[in-house]
Amino acid sequence: MKIDASKPLEYSTEENSNKIFGFWVFLGAEIPLFATLFTVYFVMVDRFASGPSGSELFEIGPVLIETFLLLTSSFTIGLAVHAMRLGYKKAMMVFMALTLLMGLGFIGIEITEFVTYVHEGATLQTSGFLSSLFVLLGTHGAHVSFGFLWGTAIMIQLWRQGINPATANKAFIFSLFWHFLDVVWIFIFSFVYLKGLM
């Protein structure tokens, strides 16, 4: 394995560069998935049947906390990558741990939100609006949950192996995934929650 010292560690081998390119292709494939879910939601947004509308259901407080957690975690994963590039393993681990803890907080609030909706009689079967809402939010939440598990596995590898071309590549690819989820959340926050509260 030939290492190019002139490049950042995560790009330092041809294999690493190919993996990053491949992950960009994967993220490109994720865009149509979420675009489809948003399209279905926009088609169903006014189809309440006997269930509540967004303005009756949504509470801005928990959503603002979710937004703060996820956007702040995007900053901390950026700091983790910066620490990685400087070779600061301990700082990288701290910033990754903070990122994952905020992700876990986000998941906890979203689960609480779903449980509250169900207790209020707003279920997947209640209306087209609610089924599209649950699928959109659930798909994003599942991605965040997977990201939490993936990030935890990378942290274990970093703890055991330190910062090397392989672990740097994995951590960088994870950061791309996490930033992507934050971008999707901005769209959910803006076009589902804020628009729904109007």
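This is a predicted model: local features need pLDDT of at least 70, side-chain atom pairs count only at pLDDT 80 or more; totals for chains, interfaces and linings use all residues.

Analyst: Begin with the overall fold, then pick out residues.

User: How many helices and strands does the protein have?

Analyst: The protein has 6 helices and 0 strands. Read from the N terminus, the order of elements is α-α-α-α-α-α. The C-alpha trace spans about 65 × 30 × 25 Å along its principal axes.

User: What share of the contacts between residues at least 6 apart in sequence join residues at least 24 apart?

Analyst: The share is 81%.

User: What part of the 198 residues counts as buried?

Analyst: Buried means under 20% relative accessible area. By that cut-off, 45% of the 198 residues count as buried. The protein exposes about 10,000 Å², and carbon and sulfur atoms supply 71% of that area.

User: Is Ser-175 buried or exposed?

Analyst: Compare its relative accessibility with the cut-off: buried means under 20%. Ser-175 counts as buried because its relative accessibility is 3%. This serine belongs to helix 6, which covers residues 165–197.

User: What lies around Ser-175?

Analyst: Setting aside residues up to four places away in sequence, Ser-175 touches Ile-77 and Val-81.

User: Now the surface. Which residues make the nonpolar surface patch?

Analyst: Phe-42, Val-183, Phe-187 and Phe-191 make a patch of about 370 Å². Helix 6 gives the most to this patch, with 3 residues. Phe-42, another member of the patch, lies in helix 1, residues 14–44.

User: Why is Phe-42 called partly exposed?

Analyst: Partly exposed covers the range between buried, under 20%, and exposed, over 50%. Phe-42 has a relative accessible area of 39%, so it is partly exposed.

User: What should I look for with a charged residue such as Glu-113?

Analyst: Check burial, then look for a side chain of opposite charge. A salt bridge needs a side-chain nitrogen of Lys or Arg within 4 Å of a carboxyl oxygen of Asp or Glu. Glu-113 is buried yet has no salt bridge. The nearest side chain of opposite charge, Lys-195, is 17 Å away.

User: Where is Glu-113 in the fold, and which residues is it in contact with?

Analyst: Glu-113 sits in helix 4, residues 89–119. Apart from its neighbours within four places in sequence, Glu-113 is in contact with Val-63, Glu-66 and Tyr-193.

Notes: Residues are numbered from 1 along each chain as its sequence is written. Side-chain values use heavy atoms; hydrogens and water are left out. Helices (H or I, at least four residues) and strands (E, at least two) are DSSP runs, numbered from the N terminus. Buried means under 20% relative accessible area, exposed over 50%, partly exposed in between (1.4 Å probe, protein chains only). Contact means heavy atoms within 4.5 Å. Patches are made of residues with over 30% relative accessible area and no salt bridge: like charges are joined within 9 Å, nonpolar side chains (Val, Leu, Ile, Met, Phe, Trp, Tyr) within 5 Å. Accessible areas come from the Shrake-Rupley method with a 1.4 Å probe; for residues, only the protein chains shown count as cover. Lys and Arg count as positive and Asp and Glu as negative; His and the chain ends are not counted.
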